[in-house]
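Subject: Structure handover

Hello,

Here is the structure I promised to pass on. Please open it next to this email, as my notes follow below.

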Amino acid sequence: MTMSGTSTSGTSGTSGTSGTSGTSGTSGTHGTSRREFTTRRGLVIAAFMAPAAVFVALFTYYPMIAGSQMAFRNWNLTDLTDTSWVGVKNFREVFTDPVWGTVLSNTALWVVGSIVPQLVIGFAIALWLRRRFRLRGLYQALIFFPWAISGFLIGILFRWMFNSEFGVVNDLLQRAGLIDEPIAWLADPDTAMIAVLVANIWYGVTFFAIMILAALQSIPDELYEAAALDGAGKARTLFQITIPYIRVTLALTVLLRVIWIFNFPDLIFGMTGGGPNNETHIVTTWMIKITQQGDYGKASALGLIVVAVLLVFAVFFLLATRERGAGRRGGAGPGKLGKFGKRGVRA
């Protein structure tokens, strides 16, 4: 009895000492790991950030402000002695220019005519690549490869392909019996825009395939299994499971592509330079042409218009991003996809 009591007491004492020591040690560790923010540390952080801040200010914000004020001045390289303030005169010249209507309609066609085929074809490729088959990795590499090439180089490549004398496009169409004689694709106002759209569709399909494939791989297989047990066909599965599950990713991808395509003059410059007769000019290519002519005031005004349009799309993009974040925090998933999702969870 005496030994048992002594043992219990000793164990208790040891345990108490150990607990106190552990608590004290942990508290001391937390105390030493937190360093107080002092003025000296703040100055050190500011000194490290200063070079980056100066670089951004000099090469981003200063040109932005300087270019913006040019839009309200008579800034032309033909006469630099007069850079007086002219208000909204440059904006009026943009809107009253005879080319403005053509440029505006071309821009709308350029964006819509590129986005819709890119989305449809990219979605189909992503659905195909989601399946497991031999050499799938090789096919993915071949499909994703064009995205690594410069848009201007793509434009030059397609300019040679659509050449009226020795282009491969005319050769293939003639061999297939679809045309009797070569077509001057890039010299004809009726076909030049079609040619640049075909090139841009080919170039942008890759981006949609990459983004949509990544989203498709996040869909649980249980949802498709539940749909198959319910006897759902491919079309019903597509519209009731696949598209609802990745709808936010689709919206974000489309908004990103709208912003990029609207502000993507590289390919057009590589193929047509905006010709013939301004029939392939979009807003950004026309702005570059005006800059090359030396009218910096009018070009800056057009640049501010472009920035205003892009800001609108940027707001929609941020709202879509916020919705995606809210969906993740709310646990968006199979349980929110209707009966297939619920049956998939029960299964």
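This is a predicted model: local features need pLDDT of at least 70, side-chain atom pairs count only at pLDDT 80 or more; totals for chains, interfaces and linings use all residues.

F262 is buried, at a relative accessible area of 10%. (Buried means under 20% relative accessible area, exposed over 50%, and partly exposed in between, with a 1.4 Å probe and protein chains only.) F262 sits in helix 11. Helices (H or I, at least four residues) and strands (E, at least two) are DSSP runs, numbered from the N terminus. Setting aside residues up to four places away in sequence, F262 touches T107, V111, I282, T284, V306, V309 and L310. A contact here means heavy atoms within 4.5 Å.

Residues are numbered from 1 along each chain as its sequence is written, and side-chain values use heavy atoms, with hydrogens and water left out.

The overall picture

The protein has 15 helices and 0 strands. Of its 347 residues, 33% count as buried. Take the contacts between residues at least 6 apart in sequence: 68% of them join residues at least 24 apart. The accessible surface comes to about 21,000 Å², and 64% of that belongs to carbon and sulfur atoms. Those areas come from the Shrake-Rupley method with a 1.4 Å probe; for residues, only the protein chains shown count as cover.

The core

The largest nonpolar core has 59 residues. Such a core is a set of buried Ala, Val, Leu, Ile, Met, Phe, Trp, Tyr and Cys residues joined through side-chain atoms within 4.5 Å. Which members touch the most others? They are W110, L267 and M271. Helix 8 (residues 189-216) gives this core its largest share, 14 residues. Leaving out residues up to four places away in sequence, W110 touches M193, V196, L197, N200, I261, F264, L267, I268 and I282.

Helix pairs

Two packed helices are described by the angle between their axes and the distance between the axes. Axes are lines fitted to C-alpha atoms, for helices over the stretch in contact, and angles run from 0 to 180 degrees between N-to-C directions.

Start with helix 8 and helix 11 (residues 247-262). Their axes come within 10 Å and cross at roughly 155°. The two helices are therefore roughly antiparallel to each other. (Angles under 35 degrees count as roughly parallel, over 145 as roughly antiparallel, 65 to 115 as roughly perpendicular, and the rest as oblique.) On the helix 8 side, the contact includes N200, G204, F207 and F208. On the helix 11 side, T253, L256, W260 and I261 are among the residues involved. This crossing is right-handed. (A crossing is right-handed if the near helix is turned clockwise from the far one by less than a right angle, and left-handed if anticlockwise.)

Now helix 9 (residues 221-229) and helix 10 (residues 234-245). They pack at an angle of about 165°, with their axes 11 Å apart. That makes helix 9 roughly antiparallel to helix 10. Their crossing is right-handed. L223, Y224 and A227 in helix 9 meet T237, I241, T242 and Y245 in helix 10.

The loop between helix 12 and helix 13

A cis peptide bond joins G275 and P276, with omega about -5°. P276 is in the loop between helix 12 (266-271) and helix 13. N277 has a phi near 55°, a positive value in a residue other than glycine. N278 has a positive phi of about 65°, although it is not a glycine. N278 counts as buried, at 18%.

Two more residues

T285 lies in helix 13 (residues 283-292). T285 is buried, with a relative accessible area of 0%. Beyond its neighbours within four places in sequence, T285 is in contact with P265, I268, F269 and T280.

P117 is in helix 4 (residues 99-130). P117 is partly exposed, at a relative accessible area of 25%. Residues up to four places away aside, P117 touches V112, G122 and I201. P117 and V205 are 88 residues apart in sequence, yet 8.0 Å apart in space, C-alpha to C-alpha.

Best wishes
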